[in-house]
Amino acid sequence: MTHQTVLVLDFGGQYNQLIARRVRDLSVYCELVGCDLPIAKIKEISPIGIIFTGGPNSVYDENAPHIDKEIFSLGIPVLGICYGSQLIAQTLGGKAEKANKSEYGRSDVEFVGSSPLIFGLSRKSVCWMSHTDHVTRLPEGFSLLASTATCPAAIYGNDERKIYGVQFHPEVVHSLCGNKILENFLYKVCGAKGDWTMKNFAREQIEKIREKVGEGRVLCAMSGGVDSAVAATLVHQAVGDKLVCVFVDHGLHRKDEPEEVMKVFRDRLGMNLIKADAGERFLEKLKGVTDPESKRRIIGAEFIKVFEEEAKKIGAVDFLVQGTIYPDVIESGKGKSAVIKSHHNVGGLPSVVDFKEIIEPLRDLFKDEVRKVGSELGLEDKIVWRQPCPGPALAIRIMGEVTSEKLETLREADAIFREEIGRASLDREIWQYFAVLTDSKTVGVQGDFRTYENVIALRAITSVDAMTADWARIPFDVLEKISTRITNEVKHANRVVYDITSKPPATIEWE
Ligand code: XMP
């Protein structure tokens, strides 16, 4: 590809993916790579800039990751963040030490002097700190660019050598000056052109896929989720009818989902999309099963079987499309090895399909970029902003045995929940929200009658990556409306509870 690249060297900090996302948001392509990437490889990639991330170590620890000094003589601008900043200082003859006082959270920062890195910032701003060590002596030739009350070298740098250290985290939204600093680094220091846009990406990918596929045939498993939807649409725009998509309807989807998938992708976009109706088969297999992991295993295995049967009908293909995205590739943020999604409904497919090569058009993209590509391709918000749904879908949101009656109850309650969240315009704020059919019944009174019916639990969380999550503070009046509607409109539900547990200790799903 023809775009400029920034390398983000990963020293193990918790915001590393976020740094990469911010750089991409500023229209510059970047890759998160291990901090031990050899200098020869860096030269080969020839990035326009390098960013060192934060990390949990102290630079003076024996086993702390270090950096080859040669990196500073390549003529490539370097920005060190937190640990990265301390590492620059120490490697170039300055010093980093334990601070008298650790600093976590919001801090007032004051800029001094002038430099392209702090261009356009007013003299005072707010930054977000998280450190115990800090730089106590600058390397020779470097000057101070910003300080906080407890951290004298909040930013320092050398404009001639284009090397800078920032103690705070410009990548987090709480650092009000952060985005401008990153923008300055990219555009004023590295000379970025801003050539990473999703419009360009989509155009380039379509050309690439068209060239690669030639007269070949392509198969794709469509789950209805964002990643597979965008991947399939890209490939479809590239090769049209040479692509065949299979949608396995396991009967466990949310309300109207299968119909919607068919309407959008087959009817509107004209894709060659086959729907395998397997609801009965899945229910049969799940009969009497209550253990969550057993449910997952059964659904995963059955899914692969159904897909295999459909693939056999289609016959040999040349390519298999997978919706793998960048966070799936950068194994736990280390940027070292590539992994294929362990997600059951794609992970097991290669072994049952007769194909020559895998196409993963979204392999370099973060989720928000996948959404932008989807919009560029003309997919509606409903598809592009669809919240993540686990492969086993409602089966792991029904506690205990899955039956068609329980599915019906949960589907209706979940649809009301989703509708009201949408009406309250909370759908982009809340990362994931869904209803759960608990395995308990309680007594109620409806009309003049005693009822003994199901408890519906509502789960709504905010999160960045699903690794940790907090429960969403949905306004009471919205909750009230949802509760009233569910108990009035859904058969076999007479009580609604709201889950106020974060992850950890709970997980997002109940099973
Ligand atoms: P947990 O419940 O582990 O969920 O906090 C984290 C994220 O993963 C999704 N999830 C799954 N996705 N197959 C999937 O494809 C599964 O078996 C599965 N279990 C959980 C969950 O919805 C959340 O987004």
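Colleague: How much space lies in the second largest pocket?

Modeller: The model is a predicted one, in which local features need pLDDT of at least 70 and side-chain atom pairs count only at pLDDT 80 or more, while totals for chains, interfaces and linings use all residues. Residues are numbered from 1 along each chain as its sequence is written, and side-chain values use heavy atoms, without hydrogens or water.

The second largest pocket holds about 540 Å³ of space (a pocket is an open set of points on a 1 Å grid over the protein atoms alone, where a 1.4 Å probe fits, with protein on both sides within 12 Å along at least five of seven lines; the volume is that filled by probe spheres set on the points). Its lining comprises 17 residues, and Lys 382, Arg 418, Glu 419, Asp 427 and Tyr 433 are the closest to its centre (lining residues have an atom within 4 Å of a point). Domain 2 (198-384) and domain 3 (398-498) both contribute to this lining, so the pocket lies between them (the bounds come from an automatic or database domain assignment).

At least two lining residues come from each of α7 (257-268), α13 (381-384) and α14 (404-423) (helices are DSSP runs of H or I with at least four residues). The largest share is that of α14, which supplies four residues. By class, the lining has 12 charged, three nonpolar and two polar residues (Asp, Glu, Lys and Arg count as charged; Ala, Val, Leu, Ile, Met, Phe, Trp, Tyr, Cys and Pro as nonpolar; the others, Gly among them, as polar).

The ligand has 12 residues around it, the closest being Arg 296, Gln 432, Lys 503, Ile 508 and Glu 509 (each with a heavy atom within 4 Å). This shell divides into five nonpolar, four polar and three charged residues. An N or O atom in the side chain of Lys 503 is 2.7 Å from an oxygen atom of the ligand. For the side chain of Gln 432, the corresponding distance to a ligand oxygen is 2.9 Å, and a backbone N or O atom of Gly 391 lies 3.0 Å from a ligand oxygen. The ligand taken alone exposes 500 Å², of which the protein buries 76% (areas by the Shrake-Rupley method with a 1.4 Å probe).

Lys 503 is also joined to Pro 504 by a cis peptide bond, with omega about -15 degrees. The bond from Pro 504 to Pro 505 is cis as well, with omega near 10 degrees.

Technical notes
Polar contact = N/O pair within 3.5 Å; in protein donor to acceptor, adjacent residues only side chain to side chain.
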